[in-house]
Amino acid sequence: MQVPRSLGTHNGSFHADEVTACSLLLLFNRIDRDKIFRTRDPAVLETCEYVCDVGGVYNSSLKRFDHHQADYRGPLSSAGMVLLYLKESGSLDPHSYDHLNKSLILGVDAHDNGVAKLETGTASFSQVVSNFLPIEYDASEVEMDKAFRIAVEFVFGHLQRLKARLGYTHACQAIVREKMSAGSSWLIFEESLPWMENFFELGGELHPAQFVIMPSGGHWKLRGIPPSLNERMKVRRPLPEQWAGLRDEELRKLTGIRGAIFCHKGRFISIWETKEDALKALHLAMQRV
């Protein structure tokens, strides 16, 4: 007989995919922390409502999510399998699924399946999770289980923040849509908010806006708009070349704006004391590049 809200996964060393799969099921309230069992015993796994990364079966209707068997040739690890299950079972809408998949899960799947390209000096999410493993190779089962649960809590917290951030971003979409509707060459927001993701989701690649003004840390920023979300460090129209890298008095003297604070040397963003200062800077930026 199965134990409701239980999960079984393999014991021994752990990886980001089953840690993430477990964390996803916790995040969407499908399992309980005290019903997570780490074992390879088929008799114990049979009693679990969910089984991840062990057991040799991928069948979402049976809540079995393993990818190691020879007859599975897809790109998913147990993390991707569980994420897809949550979408298909109604816990995730398609937009949220795409966001979580593109921002995290695709990378976990690729790493676990050995197709991710590792870059020197850059730690992938999967490598960070692996760092929760005990340092000693001969660590006891108790130590390994403790490390696994610490890793689960870390990943759970990360997923929780991703989910909350997505909800907040979506809640701000109506404000961005309203500002975009004017079809202007700039967008001006009266509050700091996640505009960029919403801008491009709402068709921003075809919108004529070139600059954004909004509050930032007690000041106001004038920022160039990227050509696309994937090119966020580029801009459609850079700030004036003469401003590059200037700050305080140097920038004030050049622009004639008393509230000048800083212009990044990359000419994609500048900071000003007040909204009025930022508007003056916008006027100059639209005239000179």
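**The largest nonpolar core**

Analyst: Happy to! The accessible surface of the protein chain comes to about 15200 Å², with 53% of that belonging to carbon and sulfur atoms (Shrake-Rupley method, 1.4 Å probe). This is a predicted model, in which local features need pLDDT of at least 70 and side-chain atom pairs count only at pLDDT 80 or more, while totals for chains, interfaces and linings use all residues. Residues are numbered from 1 along each chain as its sequence is written, and side-chain values use heavy atoms, leaving out hydrogens and water.

Buried residues make up 45% of the 289 in the chain, where buried means under 20% relative accessible area with a 1.4 Å probe, protein chains only.

Now to your core, meaning a set of buried Ala, Val, Leu, Ile, Met, Phe, Trp, Tyr and Cys residues joined through side-chain atoms within 4.5 Å. The largest one holds 42 residues, and those touching the most other members are Leu7, Val19, Leu24, Leu25, Ile31, Val82 and Leu86. Elements giving it two or more residues include helix H1 (16-27), strand S3 (48-52) and helix H3 (78-88); helices (H or I, at least four residues) and strands (E, at least two) are DSSP runs numbered from the N terminus. The largest share, 9 residues, comes from H6.

Beyond its neighbours within four places in sequence, Leu7 contacts residues including Cys22, Leu25, Ile31, Phe37 and Tyr50 (contact: heavy atoms within 4.5 Å).

A second, separate core has 18 residues, among them Ile213, Ala260, Leu284 and Ala285.

Terms used. Buried means under 20% relative accessible area, exposed over 50%, partly exposed in between (1.4 Å probe, protein chains only).
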